[in-house]
Amino acid sequence: MRSLVPLLGVMGLLGLGDVQAQSASKGGVFCCTDNGHQVCGDTLPPQCFNKSYRELSPQGTVRRLVEAPLTPEQLARREAEEKLRRAEQARLRAEQRRNQSLLETYASVADIDARRDRAVDAVQQELKQAEARYNLLMVKRQELQREAEFYQKRPMPPVLASSLRESDSELGAQVAVIESKRKDIEAIRTRFEQDRSRYIALTDPRAAAPLPR
């Protein structure tokens, strides 16, 4: 039994050598450039740490290329670029949705013009009502003012003073309503002008024309 132990040890070493030889024959070579010189090894040489390197087959063909790890500055720049790329993709998707919605909303340029006119007419009617209400309030305010002229040299009755304040408040509110309606009309025209231009650009870019007022 004792005589077999050394023999088994020798056979084991020989077998291990065969396995290592087979592994070496199937393995690759790792190469990089360090200070202008090519450095290679069966395993990645220390000089290649944190550098880009190539893994070569035993036949010398390139199996893969491994880029060097990014520096903190490069990582920050890549993250910023990726953020911009995602933002641009989101913008393009949103624009595509808006364009699709626009094409589904209107049947033609004439349809856009007709809808614009109806929307403007509706607000213009409201504007006329607000202006008429303002004119009535002004007539009332003038009557109160004429009445107040009798009290230039004596105390004004509390009821009259209260009516004047209320009239001024109503006039101010009505002026705000009129201004709001005028802004609404302008906003409607602007919105439909934008929709019209985009619709034409999507359906017939050569036919683009400003929105008639």
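User: Which residues does Ser167 touch, not counting residues up to four places away in sequence?

Analyst: This is a predicted model. Contact here means heavy atoms within 4.5 Å. With residues up to four places away in sequence left out, Ser167 touches Leu137, Arg141 and Leu144. Ser167 itself sits in helix α4, which covers residues 158–203.

User: How many helices and strands does the protein chain have, and in what order do they run?

Analyst: There are four helices and four strands in the protein chain. Read from the N terminus, the order is α-β-β-β-β-α-α-α.

User: What share of the protein chain counts as buried?

Analyst: The buried share is 22% of the 213 residues of the protein chain. For the surface, the protein chain exposes about 15,700 Å², and carbon and sulfur atoms supply 55% of that area. Contacts can also be sorted by sequence separation. Among contacts in the protein chain with a separation of 6 or more, 50% are between residues 24 or more positions apart.

User: How many aromatic pairs are there?

Analyst: Rings pair if their centres lie within 6.5 Å, and planes over 60 degrees apart count as edge-to-face. By this rule there are two aromatic pairs. One of them joins Phe30 and Tyr53: the ring centres are 6.1 Å apart and the planes stand at 65°, so the pair is edge-to-face.

User: Where do Phe30 and Tyr53 lie?

Analyst: Phe30 is in strand β1 (residues 29–34) and Tyr53 is in strand β3 (residues 53–56), so the pair ties together parts that are 23 residues apart in sequence. Phe30 and Tyr53 are both buried.

User: How many salt bridges does the structure hold?

Analyst: The number is 16. The criterion is a side-chain nitrogen of Lys or Arg within 4 Å of a carboxyl oxygen of Asp or Glu. One of the bridges links the side chains of Glu82 and Arg86, at 3.5 Å from N to O. Both residues belong to helix α2 (residues 72–105) and are four residues apart, about one turn of the helix. Glu82 is partly exposed at 27% relative accessibility, and Arg86 is partly exposed at 45%.

User: What is the N to O distance in the salt bridge of Arg115 and Asp111?

Analyst: The distance is 3.3 Å. Arg115 and Asp111 lie in helix α3 (residues 109–148), four residues apart, about one turn of the helix. Arg115 is partly exposed, with a relative accessible area of 31%, whereas Asp111 is buried at 17%.

User: How far apart in helix α4 are Glu179 and Arg182?

Analyst: They are three residues apart, so about one helical turn separates Glu179 from Arg182. Their side chains meet in a salt bridge of 3.4 Å, N to O. Glu179 is partly exposed at 37%, and Arg182 is partly exposed at 42%. Salt bridges can also share partners: such bridges join Asp113, Arg116, Asp117 and Arg196 into one network.

User: What does the length of α2 show when set against its number of residues?

Analyst: The check compares an expected span with the distance between the end C-alpha atoms. At 1.5 Å a residue, the 34 residues of α2 should span 50 Å, and the end C-alpha atoms are 49 Å apart, which agrees.

User: Which residues of α2 are buried?

Analyst: Ala94, Asn99 and Leu102 are the buried residues of α2. These buried residues pack against α4.

User: Which side chain makes a polar contact with the side chain of Lys181?

Analyst: A polar contact is a pair of N or O atoms within 3.5 Å, one able to donate a hydrogen and the other to accept it. The side chain of Lys181 makes such a contact with the side chain of Glu126, at 2.8 Å. Lys181 is in helix α4. Apart from its neighbours within four places in sequence, Lys181 is in contact with Val123, Glu126 and Leu127.

Methods: Residues numbered from 1 in each chain as written. Predicted model: local features only at pLDDT ≥ 70, side-chain atom pairs only at ≥ 80, totals over all residues. Heavy atoms only, no water. Helix = DSSP H or I, 4+ residues; strand = E, 2+ residues; numbered from the N terminus. Phe/Tyr/Trp six-rings, centres within 6.5 Å; stacked < 30°, edge-to-face > 60°. Buried < 20%, exposed > 50% of the residue type's maximum accessible area, 1.4 Å probe, protein only. Areas by Shrake-Rupley, 256 points an atom, 1.4 Å probe, with all protein chains shown as cover. Expected span 1.5 Å × (residues − 1).
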